[in-house]
Amino acid sequence: MKTLLALFAMLLLSGAARAAELECIVPSKPGGAMDLTCKLAQKGLAGLRATPNPPPSDMHISYLPGGIGAVAWHSLVSQRRAEPNTLVAFSGGSLLNLAQGKFGKAKASDVRWVAALGADYGMIAVRADSPYKTLADLMAALKSNPTKVLIGVSGTIGSQDWLKMAMVFKAAGLNPKGLRFVALEGGGEAFTAMHANFVQVVSGDASEATLYASGNTRVLAVLSEQRLPGVLANVPTAREQGIDVVWPIIRGVWMGPHVTDQDYRQWVSAFDRVLANPEFAQTRAAAGLFPFGLTGDALAAYVKKAVDDYGKRAAEMGLVR
């Protein structure tokens, strides 16, 4: 009996320790833009250590891939609903998946939206030794024989990586139904697959391309209104190359639905301070992201509208379950 009581006490202490420990969950494998989002939150909070009344900042990052984010979502919503110090990374792609019913019957209102930390844009990349030197080269190859080119995407059919590539193909006057996609778990895995020549193209995000913009990667186009600063400054937009597709992506963090109002407001306040810190602007730019900051109720309202808009767009493509 004493042994059972001791074991129960240990389990309670373990749960309490986990609840007290500051954690950011990456809902994909390491190396992609979701990973980058948690690292950005980690650096942003660490940047407040020298300020008066700093928030907790000793954050550790964990990885919970599976179901293009569904595993992490359901873990927090069903098993870890009230953990006051657990954040989960999300992106515009998460909202698109939510709109399409890829998280089951989940709704945007099922969780507490804490902060959007920056904006990203879609991009299309190939290996540096690829025969495709421009976006026009790639479109011509896909038009000639779409079965020869494998396109790596994070997620399955209907994911944002799939959808933005389909939109690019459609804008070029081609039928996206002929494209061959390979579903992968996160941007890091997609780039790894491309460098191993398992896929020939990656439809991903500019921030991911910034991580892999070395001698073995060529970015053919960014899906932004104008050229991006920094590492990708010389990469033309799709618009410049005659394909009018722009795909912005927000990045941020959310919490479980039963986190108390007090704890939730404390984290909203903490990220308000992060976003107002001039050093954070430099950190965000170094990560390949651009200014876009919303917290608390304003972010929740934005997410609700975005999910509705994504749902309409997905319905037009016949993707809503």
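Predicted model: local features only at pLDDT ≥ 70, side-chain atom pairs only at ≥ 80, totals over all residues.
Figure 1. A pair of aromatic rings is described by the distance of the centres and the angle of the planes. By the rule applied to such rings, the count comes to eleven aromatic pairs. For F90 and W113 the ring centres are 4.9 Å apart and the planes stand at 80 degrees, so the pair is edge-to-face. F90 belongs to strand β3 and W113 to strand β4, so the pair ties together parts that are 23 residues apart in sequence. Ring pairs also link F90 and W113 with W73, F103 and W254 into a cluster.

**Figure 2. The ring pair of F191 and Y212.** F191 counts as buried, at 0% relative accessibility. The centres of the F191 and Y212 rings lie 4.6 Å apart and their planes are at 10 degrees, so this pair is stacked. F191 is in helix α7 (residues 187-195) and Y212 in helix α8 (residues 206-212), so the pair ties together parts that are 21 residues apart in sequence.

**Figure 3. Helix α3 and the elements around its buried residues.** Helix α3 spans residues 70-78, and its buried residues are A70, A72, W73, S75, L76 and V77. These buried residues pack against the strands β1 (23-26), β3 (86-91), β4 (112-127) and β9 (248-255), and against helix α4 (92-99). W73, one of the buried residues of α3, is also a member of the ring cluster with F90, F103, W113 and W254.

**Figure 4. A charged side chain over a ring.** R112 lies over the face of Y264. The distance from the ring centre is 4.2 Å.

**Figure 5. The salt bridge of E23 and R80.** Side chains of opposite charge can pair when their charged atoms come close. By the rule used here, the count comes to 17 salt bridges. In one of them, the side chains of E23 and R80 meet at 2.7 Å, N to O. E23 lies in strand β1 and R80 in the loop between α3 and β3, so the pair ties together parts that are 57 residues apart in sequence. Both E23 and R80 are buried.

**Figure 6. The salt bridge of D35 and K39 in helix α2.** The closest N and O atoms of D35 and K39 are 3.6 Å apart in this salt bridge. The two residues are four apart in helix α2 (residues 33-46), so about one helical turn separates D35 and K39. D35 is buried, with a relative accessible area of 3%, whereas K39 counts as partly exposed at 38% relative accessibility.

Figure 7. D120 and R251 form a salt bridge in which the closest N and O atoms are 3.1 Å apart. The pair links distant parts of the chain, with D120 in strand β4 and R251 in strand β9, 131 residues apart. D120 and R251 are both buried. Salt bridges that share partners join D120 and R251 with D161, K164 and D205 into one network.

**Figure 8. Confidence along the chain.** The protein averages a pLDDT of 89, and 92% of the residues score at least 70.

Terms used. Residues numbered from 1 in each chain as written. Heavy atoms only, no water. pLDDT = per-residue confidence, 0-100. Buried < 20%, exposed > 50% of the residue type's maximum accessible area, 1.4 Å probe, protein only. Contact = heavy atoms within 4.5 Å. Phe/Tyr/Trp six-rings, centres within 6.5 Å; stacked < 30°, edge-to-face > 60°. Lys NZ or Arg CZ within 6 Å of the ring centre and 35° of its normal. Salt bridge = Lys/Arg side-chain N within 4 Å of Asp/Glu carboxyl O.
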